[in-house]
Amino acid sequence: MTDVIQRFMKNGQIITLPRKEKDKIELLKLILADFNINKSYSEREVNEILQKYYDDFVVLRRYLVDYAMLIRDKEGRHYWVNNGDDS
C-alpha cells in the first residue's frame, strides 16, 4: 500500500486518482480504514471523512459504493462499511 500512497498522495491528501483499478481499490481500502465497521453514517458524515482526502469527495463516495466497500440504504441517507454481512 505504501507504493499507492507515494504515487497518489501527498501529506495525506489524494493528488490524483489512479486510473488502474488495482491501485484505485488499494487507495479506497486506505480511506475505508477511517470508517468504523460498527457505525451507520449519514451522507454528511461520509462526506466529512472523504473531504479530508480529496476535494471531489462525491467521486470517492461513489467509488466506495460502486466497489461495495460502503453500503447505502435505498433512500441514500445511511451508509455503513460492508463487512460481508447482508444485514
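Me: In this predicted model, what is the relative accessible area of Tyr67?
Reply: Tyr67 has a relative accessible area of 27%, so this residue is partly exposed. The structure is a predicted model.

Me: Which residue does Tyr67 form an aromatic pair with?
Reply: The partner of Tyr67 is Tyr63. Their ring centres lie 6.4 Å apart and the planes make an angle of 55°, a tilted arrangement.

Me: And how accessible is Tyr63?
Reply: Tyr63 is partly exposed, at 21% relative accessibility. The cut-off for a buried residue is under 20%, so Tyr63 does not count as buried.

Me: How many aromatic pairs does a search of the whole structure find?
Reply: The search returns 2 aromatic pairs. One of them joins Phe35 and Tyr41, with 5.1 Å between the ring centres.

Me: Why is the pair of Phe35 and Tyr41 edge-to-face?
Reply: The planes of the two rings stand at 80°, and the limit for edge-to-face is over 60 degrees, so the pair falls in that class.

Me: Are Phe35 and Tyr41 buried or exposed?
Reply: Phe35 is buried, with a relative accessible area of 7%. Tyr41 is buried as well, at 5%.

Me: Changing topic: which residues of helix α4 are buried?
Reply: Helix α4 spans residues 57-66, and its buried residues are Phe57, Val59, Leu60, Arg61, Leu64 and Val65.

Me: What covers the buried residues of α4?
Reply: The cover includes helices α2 (21-32) and α3 (43-51). Strands β2 (13-14), β4 (70-72) and β5 (78-81) also contribute to it.

Me: Which residue just after α4 takes a positive phi?
Reply: That residue is Ala68, whose phi is about 60°.

Notes
Residues numbered from 1 in each chain as written. Predicted model: local features only at pLDDT ≥ 70, side-chain atom pairs only at ≥ 80, totals over all residues. Heavy atoms only, no water. Buried < 20%, exposed > 50% of the residue type's maximum accessible area, 1.4 Å probe, protein only. Helix = DSSP H or I, 4+ residues; strand = E, 2+ residues; numbered from the N terminus. Contact = heavy atoms within 4.5 Å. Phe/Tyr/Trp six-rings, centres within 6.5 Å; stacked < 30°, edge-to-face > 60°.
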